[in-house]
2 protein chains.
Amino acid sequence: MSKSPSSRSRASGRVTLSDVAARAGVAPMTASRAINQPDLVSSLLRQRVEQAVQELGYVPNRAARALASAQSNVIVVLVPSLSNTVFTAVLQGIQDALDDDNYQLLIGNTRYSDAEEEKLLNVYMQSNPDGILLSGLTHSPRVQQMLETSRVPVVSMMDLSSDPDLLCVGFSQVEAGQAMTRYLIGKGKKRIGFIGAQLDERTLRRAEGYRKAMADAGLADTRLEIMVPDPSTIALGAELLGRMLAQVPDCDAIFCCNDDLAHGAIYQCQRRGISVPEQLAICGFNDLPASAWMKPALTTVGTPRYKIGFEAATMLRATIRGERPAHAHLDLGFTLMARESA
Amino acid sequence: MSKSPSSRSRASGRVTLSDVAARAGVAPMTASRAINQPDLVSSLLRQRVEQAVQELGYVPNRAARALASAQSNVIVVLVPSLSNTVFTAVLQGIQDALDDDNYQLLIGNTRYSDAEEEKLLNVYMQSNPDGILLSGLTHSPRVQQMLETSRVPVVSMMDLSSDPDLLCVGFSQVEAGQAMTRYLIGKGKKRIGFIGAQLDERTLRRAEGYRKAMADAGLADTRLEIMVPDPSTIALGAELLGRMLAQVPDCDAIFCCNDDLAHGAIYQCQRRGISVPEQLAICGFNDLPASAWMKPALTTVGTPRYKIGFEAATMLRATIRGERPAHAHLDLGFTLMARESA
DNA sequence: CTGAAAGCGCTTACAG
DNA sequence: CTGAAAGCGCTTACAG
């Protein structure tokens, strides 16, 4: 009659499904059904089980469920940064899309590192995820291999792949970079600099679009490019503006690979008494909240990051359920936001 | 001799520890030791097991491990927002503190809602976490109860509790609000407005500090307070600046409960031709990256959010290991950043 | 240093 | 609609 576990017991001491079943006077199997598939149980037993759950404060053990059912209900999300608003918006979209689905999100921060991505994926694979959401298209060979051998559904976010079979949701980073550069060229700018930081794949593709547009217009000049691996910050934008002007004194426009850099460049211009856009046009990428409000308001590229997360999660969920999406690639596009700074 | 599982098998098809053991010619127990406690196994067998792991591409099943060992190695983190830089910095600190510890972080976004916090905790408790990191001190009664009955170690972040037994890492939000208000009073300001949004507990405590300082100086006037439940954004700051000036035309300073609001207020002043700080002093809270760079540079309160995350995670880890921290409360302080705007 | 047995808490696959 | 049996893939607690 003793309630304490025998000395040789390995029981955790927590309330288990068997405890609930005993209290309700049913078999554990029935208690399980009453909780997970209530429609299959008579209302009388269901009520008795529900009451036992309440009285005992039963909390299901997710590990046991995952083990028995071979279904983890885990979705892994890998993003390169948590401090970059772009990716927190993506995460928000994912959460909203999956809100009612009882999925558990395992959020990994790769810090823009392929090695870190590999490490995280290695650990997260131990949780036997039902699906994976990845940022970007380029990954280490081992990551590619892990993904293939695991046969877990994957959706890539942010850019569009050239592989027609790869599920992805995003927009063409190359075209967006090209569009912004063409806009500046259309404004009559000739000496258009490009400032790139972090050098993640998206920045590289935007630079690719910039180069295409410059070459098309016969304006290409490698000295107009400043590329540094440091993280994008306002402070770095301010610094790189100075470096660009020192390197290319007749520069008449600067395309920053993102808004943080552009904000820093504009603040630096204000400090140096350089009028924007009259003396120097400046534009960014991503349209952060401050961009529309600052003086001068920043010309930039609006990107559908929230929607990317939402749609990618939706596509992944459909794939997990065994549905084949009509289109493997979902192009959400971008919007050129012409404002005051360029 | 067939490799395919029998039709009645429930096996997942994945490589298991038994497969590794069979390949290495050892018992599963020995394979387990070779992987998790290699020092307890002879180097010969260890090597054979390691090789089998490689050849088979073995990935341990975390659910099985958690179930058998009654140890999840999961730490739950609940933050009110992922779009607020403050909390992403906290998360970064947590990740850095726990980096080498094989903990799996379950990050939950409560969206500033007690009900959502309750819902998340309910789900996350199913993972049997080893520890929990919470934002703030106030929670719903059911959350409090879940925490108590579960006996899982908890560390609260951001503020300092009045309960001496509650583990917490942060700083006094009340004192910070008071300090900033006193600073403005010291600058000769008489009609100091307070703009509060979101109305989360930190904002309410900062407002409490503001009221104390105003009352102490005989400057209290409830019309000087604007409190709205909407999320803090630049746009809202711009709007509320207008509302404050309409309501209190002789207002000579505005204390915004955070930097986003303050940025919006300053941008709005620029648009209206109001000089800051000459006509109107404006200050914020948190010292976001843009604050030091914008013109005028924002006077604000610097807060140790990264360190809060780092130290809270460190304290939690120690507690999980059974150590008693020397002090239950860790006060990391704040810094008044006097700049141009006030 | 190594291994056979039992068990963690749940669900699957049956059977009635 | 209900339940007895077996099993998911590991680790604990022993024993040798």
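Predicted model: local features only at pLDDT ≥ 70, side-chain atom pairs only at ≥ 80, totals over all residues.

A: Across the interface of chain B and chain A, 15 residue pairs turn up in polar contact, with both partners at pLDDT 80 or more. On the chain B side, the elements that put in two or more residues are helix 4 (62–69), helix 5 (85–98), strand 2 (104–109), helix 6 (114–125), helix 10 (234–247), helix 11 (259–272) and helix 12 (289–293). Helix 4 of chain B gives the most to that side, with six residues. Sorted by class, the residues of chain B that touch chain A come out as 24 nonpolar, eleven polar and nine charged.

As for charge pairing, the rule finds two salt bridges across the interface of chain B and chain A. One of them joins R111(B) to D96(A), with the closest N and O atoms 2.8 Å apart.

Now for the extent of the interface. In terms of residues, 44 of chain B are in contact with 44 of chain A. In terms of area, chain B and chain A bury about 4100 Å² between them, and 53% of that is on carbon and sulfur atoms. Three residues, Q126(B), R271(B) and W293(B), supply 16% of the area that chain B buries against chain A, more than any other three residues.

Helix 4 of chain B is also your way over to the DNA: the largest share of the surface near DNA strand D, four residues, comes from this helix. Helix 2 (28–36) of chain B, along with helix 2 (28–36) and helix 4 (62–69) of chain A, also supplies at least two residues of that surface. There are 28 residues around DNA strand D, and T30(A), R33(A), L45(A), L17(B) and S32(B) come nearest. By class, the surface near DNA strand D has 15 nonpolar, eight polar and five charged residues.

The side chain of N36(B) has an N or O atom 2.9 Å from a phosphate oxygen of DNA strand D. Y58(B) likewise reaches a phosphate oxygen of DNA strand D, with a polar side-chain atom at 2.8 Å. For a contact to a base, go to A64(B), where a polar backbone atom is 3.4 Å from a base nitrogen of DNA strand D.

Conventions: Residues numbered from 1 in each chain as written. Chains lettered and ligands numbered in written order. Heavy atoms only, no water. Contact = heavy atoms within 4.5 Å. Buried area = accessible area lost by both parts, 1.4 Å probe. Salt bridge = Lys/Arg side-chain N within 4 Å of Asp/Glu carboxyl O. Polar contact = N/O pair within 3.5 Å; in protein donor to acceptor, adjacent residues only side chain to side chain. Nonpolar A, V, L, I, M, F, W, Y, C, P; charged D, E, K, R; others polar. Near = heavy atom within 4 Å.
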